[in-house]
Amino acid sequence: MTGQDADQQLFQQYRSLLFSVAYRLLGTAADAEDTVQDAWIKWSAADRSQVADPKAYLARIVSNLAMDRLRSTRHKREVYVGPWLPEPILTGGDAAETAMDAESVSMAMLVVLETLSPLERAVFVLREVFDFSHAEIAEVVERSEAAVRQAAHRAREHVRSRRPRFTADRAQQRDATERFLTAATGGDMNSLMELLSPDVTLWTDGGGKVRQALRPVVGASKVATWFAAIATVPYQGVEPADMAAEMVEINGGPGMVFSAPDRVIATLTFDFDAEGRISAIHNVANPDKLRAVGTGTPYPIRTR
């Protein structure tokens, strides 16, 4: 095997991990894939004989590239039409994945991470999700260890205040999602009301490309009414009879994909309260954000 082949094999060994880092930092599969590709170009051009720890070196490259991309896309997200939601991905439910892996890539968590600065986001993801030491992160983000500790503390407190932790009962979540699918496709208002928390919030992302609510829809009655209509009215020009709804794993948890005969038209993911009721729904319908789901291929989310 030539040196170049060995270097390529080494990069491939860590490719899934690099995507996992980049996706959590960027919130879009397309940007994460581009960032991993840019990391490969930098890795190919580097003097690899000087690299003592390839994993840490590659993590540093991909983190810095992702932070640069995050800063450059921030304005686009600020002027986005309606709520900006992350790009959903199919995940595989790999038995080796932990609850932390799944939680850290959930739509709800990625939405919270959007409210951090690029530096805080990188520090939080590398520390809390990938278990990098403060010293390792300091090298990655080119800050002092003291600055990294401070950023980690700020980010952790920020996330904790916006993302309360409940015991994740995946069987209960799956059951609630299945019942929601049945109730929504059957237009059953009463069943929908039973499944929803009283102050449930629906976030819809059409990006100005398809018609969606430009502000969050709040309250069980309003949200139930919104979804009960699925069974009775066309959606994006697709008649209910021509629409398929399927339960799949999205971003580490149970979700739904709505499809027309020729394309994916929307995804739904759910957040749950302490009683197991649906407390938030994230509805992505912007066609630009449905490409990753449309491939039908699960993405890696493991952190080790």
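1. Axes here are lines fitted to C-alpha atoms, for helices over the stretch in contact, and angles between N-to-C directions run from 0 to 180 degrees. The model is predicted.

2. Helix α6 (residues 118-129) and helix α8 (residues 145-162) have axes that come within 8 Å and cross at roughly 85 degrees. Angles of 65 to 115 degrees count as roughly perpendicular, so α6 is roughly perpendicular to α8. On the α6 side the contact is made by E120, V123, F124 and E128, and on the α8 side by V148, A151, A152, R154, A155, R156 and V159. By class, this contact of α6 with α8 has seven nonpolar and four charged residues, and no polar ones.

3. α2 (29-45) and α3 (54-78) form another pair. Their axes come within 9 Å, crossing at roughly 135 degrees. α2 and α3 are therefore oblique to each other, and α2 passes α3 in a right-handed crossing.

4. Which residues of α2 and α3 meet? From α2 they are D31, D34, T35, V36, D38, A39, K42 and W43. Their partners in α3 are P54, Y57, L58, I61, V62, L65, A66, R69, T73 and R77. Ten residues of the contact of α2 with α3 are nonpolar, two are polar and six are charged.

5. α3 also packs against helix α7 (residues 134-141), at an angle of about 55 degrees and with the axes 9 Å apart. That angle makes α3 oblique to α7. The crossing in which α3 passes α7 is right-handed. A59, R60, S63, N64 and M67 of α3 make the contact with E139, V140 and V141 of α7. The residues of this contact divide into four nonpolar, two polar and two charged.

6. How much space lies in the second largest pocket? The computed value is about 440 Å³. The pocket is lined by 20 residues, and the closest to its centre are T28, D31, E87, D288 and K289. D31 is also one of the α2 residues that meet α3.

7. Both α2 and α3 return in the lining of the second largest pocket: each supplies at least two residues, as does α12 (291-294). By class, the lining has ten charged, six nonpolar and four polar residues. For reference, the contact of α2 with α3 has six charged and ten nonpolar residues.

Terms used: Residues numbered from 1 in each chain as written. Predicted model: local features only at pLDDT ≥ 70, side-chain atom pairs only at ≥ 80, totals over all residues. Heavy atoms only, no water. 1 Å grid on protein atoms, 1.4 Å probe; cavity = no way out; pocket = protein on both sides within 12 Å on 5 of 7 lines; lining within 4 Å. Points joined across faces, edges and corners; volume = space filled by probe spheres on them. Helix = DSSP H or I, 4+ residues; strand = E, 2+ residues; numbered from the N terminus. Nonpolar A, V, L, I, M, F, W, Y, C, P; charged D, E, K, R; others polar. Parallel < 35°, antiparallel > 145°, perpendicular 65-115°, else oblique. Left-handed = near helix turned anticlockwise from the far one by under 90°. Contact = heavy atoms within 4.5 Å.
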